[in-house]
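Please consult the sequence and the structure shown here before reading on.

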Amino acid sequence: MIQLWSVITLCFHQPVFPAGFDVAKTGDARIGFVGFPSVGKSTLLSNLAGVYSEVAAYEFTTLTTVPGVIRYKGAKIQLLDLPGIIEGAKDGKGRGRQVIAVARTCNLILIVLDVLKPLGHKKLIEHELEGFGIRLNKQPPNIGFKKKDKGGINFTATCAQSELDAETVKSILSEYKIHNADITLRSDSTADDLIDVVEGNRVYIPCIYVLNKIDQISIEELDIIYKIPHCVPISAHHRWNFDDLLEKIWDYLHLVRIYTKPKGQLPDYTAPVVLPDGKTSVEDFCLKIHKNLMKEFKYALVWGSSVKHNPQKVGKDHVLEDEDVIQLVKK
């Protein structure tokens, strides 16, 4: 009995991750497959990673197994097949907590649904992810929030509000024992938006709903499905509509490819440097290659859509766009 109790207390003191959850992040982006058991996640992963990948679809690192890597448009994208989510995952049922914790680190979530029973599953999975602070296909609310030591609640709204007023904001903040703060509402916000900002542990992740097993429905039903936003119908088993899915994944990831050009040579179009959206300055590009590169940086020559002249001489703060060509000049 004593031994059992010590095991239980150990479990409570340190998070026990089952083997295979500490997946090292590789590549330029990370995509998580979330769905109920047996909706075809693994089939989709093996067919995707088998079709659009190097010979080794499975990279073995010493600690972990990376479930799959695909190369698409020059970017290396890591695919994670997360175990099936069951109801009550956010409360720790099954391996739900670890599954959702890994989902939080992804750049894009693919919710794989069975086309014959999509809506029930979709609502349940969204509910589980929302409960863990993941907001799907939403922008962070445009609310300024700053705690102070004294001075009470200072409330300003720069546009008309349909739900929140000064009293509501005060009562929400008093729930969190915040009595001195500056709140600025820059868009029409809801109470949930304000709570998200106050709690501050939310992640905003784009999401695509993948409706699998379309070989079991009629063409008319397929036409209806195509009109649903953020949705791609596929058949993982028959490999139908994978091109559409990959194109949509690329759109949602917002990756920017930058080609390098050594002095006196043609640009290297085979291996672009891939930068995430929002971090596409020349300085970010240099840091992606090597952290010491900025010490020797003098200026850069850029060809492409981000400049007016080709080539144009730019500094480290210049923002690059997709498929620009860059040549670095050192001191």
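Which residues in H5 meet which residues in H6? In this predicted model, Val169, Ile172 and Leu173 are the H5 residues that meet Ala191, Leu194, Ile195 and Val198 of H6.

**Helix pair H5 and H6**

- The contact of H5 with H6 comprises 7 nonpolar residues, with no polar and no charged ones.
- Helix H5 spans residues 166-175 and helix H6 residues 191-199; their axes come within 11 Å and cross at roughly 40°, so H5 is oblique to H6.
- The crossing in which H5 passes H6 is right-handed.

- Phe155 belongs to strand S9, which covers residues 153-157.
- With a relative accessible area of 24%, Phe155 is partly exposed, because buried would require a value under 20%.
- Residues up to four places away in sequence aside, Phe155 touches Asp165, Ala166, Val169, Ile183 and Leu185.
- Between Phe155 and Glu167 the C-alpha to C-alpha distance is 9.5 Å, at a separation of 12 residues in sequence.

**Nonpolar cores**

- The largest nonpolar core contains 51 residues, and those with the most contacts inside it are Leu44, Ile109, Ile111 and Ile249.
- Helix H8 (residues 242-253) gives the most to this core, contributing 7 residues.
- Beyond its neighbours within four places in sequence, Leu44 is in contact with Phe33, Val112, Val210, Ile234, Ala236, Phe242 and Leu245.
- Another core, of 16 residues, lies apart from the largest one and includes Val273, Phe285, Cys286 and Leu320.

Technical notes
Residues are numbered from 1 along each chain as its sequence is written. This is a predicted model: local features need pLDDT of at least 70, side-chain atom pairs count only at pLDDT 80 or more; totals for chains, interfaces and linings use all residues. Side-chain values use heavy atoms; hydrogens and water are left out. A nonpolar core is a set of buried Ala, Val, Leu, Ile, Met, Phe, Trp, Tyr and Cys residues joined through side-chain atoms within 4.5 Å. Buried means under 20% relative accessible area, exposed over 50%, partly exposed in between (1.4 Å probe, protein chains only). Helices (H or I, at least four residues) and strands (E, at least two) are DSSP runs, numbered from the N terminus. Contact means heavy atoms within 4.5 Å. Axes are lines fitted to C-alpha atoms, for helices over the stretch in contact, and angles run from 0 to 180 degrees between N-to-C directions. Angles under 35 degrees count as roughly parallel, over 145 as roughly antiparallel, 65 to 115 as roughly perpendicular and the rest as oblique. A crossing is left-handed if the near helix is turned anticlockwise from the far one by less than a right angle, and right-handed if clockwise. Ala, Val, Leu, Ile, Met, Phe, Trp, Tyr, Cys and Pro count as nonpolar, Asp, Glu, Lys and Arg as charged, and the others, Gly among them, as polar.
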